[in-house]
Amino acid sequence: MPVMTAALVLLAFVMPLATDMYLPAFPQMTGDLHTDASGVQLTLTAFLIGMGLGQLVLGPLSDRFGRRAPILIGGLACVLATAFCALAPSLGWLVVLRFLQGFSGAAGVVVGRAVISDVAKGDKAARLLGVLMTLMGIAPVIAPVVGGAVIEAGDWRDVFWVLSAASLLALAAAAFAVPESLPPERRHRGGVAATARAAREVLGNRAYLGHTLCFGMALAVLFCYLGGASFLFQNLLGLSVGRTSAAFASVGVVSVLAGLAVTKLVGRFSPTALLRAGLGVMTACSAALCALALADRLNLVVVLVLLYAAFAGISLVSINAAALALERVPEAAGTGSALLGTVQSLLSAVAAPLVGLGGAHTAVPMFTGMTVAALLAVAALRLTGTAARRAS
């Protein structure tokens, strides 16, 4: 089990690396590809769209054909697409290849979660998902730093060669360490119609839907922060670019440590109890930050302390909500994992740009968005209670 978990972590680790590692190269890429900032940004958008669609397609396919085939075929395609990104002759080709990279690489994320759901239940599943998601959380912290070092030593194309090597390593680990976890008798047959039917059945499970929306809203809180944090630290709190990076990193480190702490708590407390505790902390801290912003009383130390606590709450919610959601649909874990990831991506994609509506010199939209998303997560959990009462 530890070896398999390590292989799944490697598979999932590549996607956040591919998202963030080349960001420091954007200015260089505009000149090399004869485009502007919005053109280069399109390569990131294409990647995220590909990853979202890939989860929707590859998750259900893993319910039909088993887990290993999508992981291995998707992994190989990701290695090739990433290598071709390094050779892309134009912006148009890079956009297409980034879409393919995201689509194929989604297999490691979505099928990896399904594998965990196949081999573990309850506290054990929550603990394994906690390890997976916590270690994935390290990637956004280190990716820009590593990418910057690679770019200084070479250029932006070298970032994709490094990512291609990382993808190949993850593929090799999966080939040797991730067994087939879905026996033939538990697989779905019937093609597209059966896949659509499985998706309808999964979405019709109110307990699954409630935990999934709770998970997605917790991640929306995170993306509200990511969308406005640079403006908060630099424009409102007066930090330099270097100190802003340090503040980003400190919040990321706290998030990782909180995730590790959650894995230790699972087993001592039920996943539902941990989820409720996380919702309380996340909502209270978001509301406190919103009140400070409205009163124009933002202070660096207070803001960081409240953000640290809020991120601990996000870790409690996201890890346990994901485990509880997938536990509700063991007969279609691949489809459940796909929809879980897609809901997360859609809610996060909507949340991030909204925080900029008030301009670059106010944190009110950012912290209001965090508070609203946290309250919606609380409301989503009530949906699972309704389902439980009806079942009884």
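Trainee: Is F311 buried or exposed in this predicted model?
Mentor: Buried means under 20% relative accessible area, exposed over 50% and partly exposed in between, with a 1.4 Å probe and protein chains only. The relative accessibility of F311 is 5%. F311 is therefore buried.

Trainee: Which residue forms an aromatic pair with F311?
Mentor: Rings of Phe, Tyr and Trp (its six-membered ring) pair if their centres lie within 6.5 Å; planes under 30 degrees apart are stacked, over 60 edge-to-face, and the rest tilted. Three such pairs turn up in the whole structure. In one, edge-to-face, the centres are 5.0 Å apart and the planes at 80°, and the partner of F311 is Y225.

Trainee: How many residues apart in sequence are the parts that this pair ties together?
Mentor: Helices are DSSP runs (H or I, at least four residues), numbered from the N terminus. F311 belongs to helix α13 (residues 300-327) and Y225 to helix α10 (residues 206-236), so the separation is 86 residues.

Trainee: What is the relative accessible area of Y225?
Mentor: Contact means heavy atoms within 4.5 Å. Beyond neighbours within four places in sequence, Y225 contacts residues including F233, F248, L307 and M370. Y225 is buried, and its relative accessible area is 2%.

Trainee: What is the mean pLDDT of the protein?
Mentor: pLDDT is the predictor's confidence in each residue, from 0 to 100. Residues are numbered from 1 along each chain as its sequence is written. Local features need pLDDT of at least 70 and side-chain atom pairs 80 or more, while totals for chains, interfaces and linings use all residues, and side-chain values use heavy atoms without hydrogens or water. In the protein, 87% of residues reach 70 or more, and the mean is 82.

Technical notes:
Helix = DSSP H or I, 4+ residues; strand = E, 2+ residues; numbered from the N terminus.
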